[in-house]
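Q: I have a model open and would like to learn how to read its features. Can we go through them one at a time?

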Amino acid sequence: MNKKIAFFILSLVFVLQLNAQDNKYIHIPLIGEKAPAFTGQSTQGEISFPYDFGKSWKILFAHPKDFTPVCSSEILELAYQQEEYEKLGVKIIVVSTDILSQHESWVKALEEIRYKEREPVKINFPLVADEKMVIANKYGMIHPYVSIAQNIRGVFIIDPDNIIRAISFYPMQVGRNLDEIKRTILALQTVDASQLVVTPANWNPGDKLMIPVLSKSESETAGETGSAIDEVSWFMRFTE
């Protein structure tokens with residue numbers, strides 16, 4: 001075998017092994033885990049997360065860079081919905097890898113925009129500076145096969161006990177669906193309040209809920225006239 005070819009193959013194997021070793025240490029906190037804690041400087045002063053947010057639901061919303069078009073549209077949509085989140089007992093925290101002064105400039109610029117023919121909106125949630133990517137690493141948002149400048153696009157929904165309940169990642173080119181994030185929180189709050197129901201596909205508040213397990217008496221009357229349970233199949237039952 002040609003020595004140059006052999007050297008190239010050995011070098012390639014070495015690099016792949018290094019990448020495999022590095023990838024072992026990338027950990028995305030999973031559903032059911034405690035949300036990793038951190039302290040950072042934000043547009044609203046020092047933040048100690050999640051403790052400064054008390055017994056609230058929390059959305060941790062991450063961005064790779066400030067002043068990017070897709071991320072800017074997401075921040076504005078979050079700001080337009082922030083009063084709705086407040087009524088739901090939800091606190092919002094945004095993390096971006098730029099420095100604090102850049103965050104402050106971005107917020108100021110966003111608050112002057114008339115977006116989708118709506119009046120300019122004030123951003124009441126904090127933007128945390130993560131220029132050293134400490135938070136991004138704690139939440140497993142450094143994806144080795146994508147440029148760092150394009151990959152820190154995670155959303156973590158965290159409950160009042162600081163347990164991670166939902167996770168999503170989006171590429172830089174695709175804006176996140178803010179209505180779906182809100183719908184997920186509403187669904188989680190609904191099933192937590194009952195402990196006896198789950199939500200079907202495309203569920204929205206006011207839609208029927210599903211019952212995963214029936215008592216013996218409920219099983220005997222399910223689907224009958226006057227029953228509160230609508231039985232589509234023995235394994236799919238709905239209720240108001």
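Predicted model: local features only at pLDDT ≥ 70, side-chain atom pairs only at ≥ 80, totals over all residues.

Q: How much space lies in the largest pocket, and what classes of residue does its lining have?

A: The space is about 200 Å³. By class, the lining has 6 nonpolar, 3 polar and 3 charged residues.

Q: How many aromatic pairs does a search of the whole structure find?

A: The search finds 7. A pair is read from the distance between ring centres and the angle between planes, and an angle over 60 degrees counts as edge-to-face. Phenylalanine 38 and tyrosine 139 have ring centres 6.3 Å apart and planes at 80°, so they form an edge-to-face pair.

Q: Where in the chain are phenylalanine 38 and tyrosine 139?

A: Phenylalanine 38 is in strand β1 (residues 38–42), while tyrosine 139 is in the loop between α4 (134–138) and α5 (148–151). The two are 101 residues apart, and the pair links distant parts of the chain.

Q: Are these two residues buried or exposed?

A: The cut-off for buried is under 20% relative accessible area. Phenylalanine 38 is at 5%, so it counts as buried. Tyrosine 139 is buried too, with a value of 0%.

Q: What kind of pair do the rings of phenylalanine 49 and phenylalanine 53 form?

A: Their centres lie 5.5 Å apart with the planes at 65°, so this pair is edge-to-face. Both phenylalanine 49 and phenylalanine 53 are buried. Ring pairs link Phe38, Phe49, Phe53, Tyr139, Phe156 and Phe169 into a cluster.

Q: Which charged end sits over the ring of tyrosine 80?

A: It is that of arginine 118, 3.9 Å from the ring centre. In another case, arginine 176 lies over the face of phenylalanine 61, at 4.0 Å from the ring centre.

Q: What does the side chain of arginine 237 contact?

A: A polar contact of 2.9 Å joins the side chain of arginine 237 to that of glutamate 231. The arginine 237 side chain also reaches the backbone oxygen of tryptophan 234 at 2.7 Å. Arginine 237 is found in strand β10 (residues 236–239) and is buried, with a relative accessible area of 14%.

Q: What should I look for in the backbone?

A: Most residues other than glycine have a negative phi, and most peptide bonds are trans. Here, a cis peptide bond joins phenylalanine 49 and proline 50, with omega about 5°. Proline 50 is in the loop between β2 (45–49) and β3.

Q: Which residue has a positive phi of about 60° although it is not a glycine?

A: That is glutamate 117, in the loop between α3 (100–110) and β5 (127–129). Glutamate 117 has a relative accessible area of 79%, so it is exposed. Asparagine 162 is not a glycine either, and its phi is positive at about 65°. Asparagine 162 lies in the loop between β6 (154–158) and β7 (164–169) and is buried, at a relative accessible area of 13%.

Technical notes
Residues numbered from 1 in each chain as written. Heavy atoms only, no water. 1 Å grid on protein atoms, 1.4 Å probe; cavity = no way out; pocket = protein on both sides within 12 Å on 5 of 7 lines; lining within 4 Å. Points joined across faces, edges and corners; volume = space filled by probe spheres on them. Nonpolar A, V, L, I, M, F, W, Y, C, P; charged D, E, K, R; others polar. Phe/Tyr/Trp six-rings, centres within 6.5 Å; stacked < 30°, edge-to-face > 60°. Helix = DSSP H or I, 4+ residues; strand = E, 2+ residues; numbered from the N terminus. Buried < 20%, exposed > 50% of the residue type's maximum accessible area, 1.4 Å probe, protein only. Lys NZ or Arg CZ within 6 Å of the ring centre and 35° of its normal. Polar contact = N/O pair within 3.5 Å; in protein donor to acceptor, adjacent residues only side chain to side chain.
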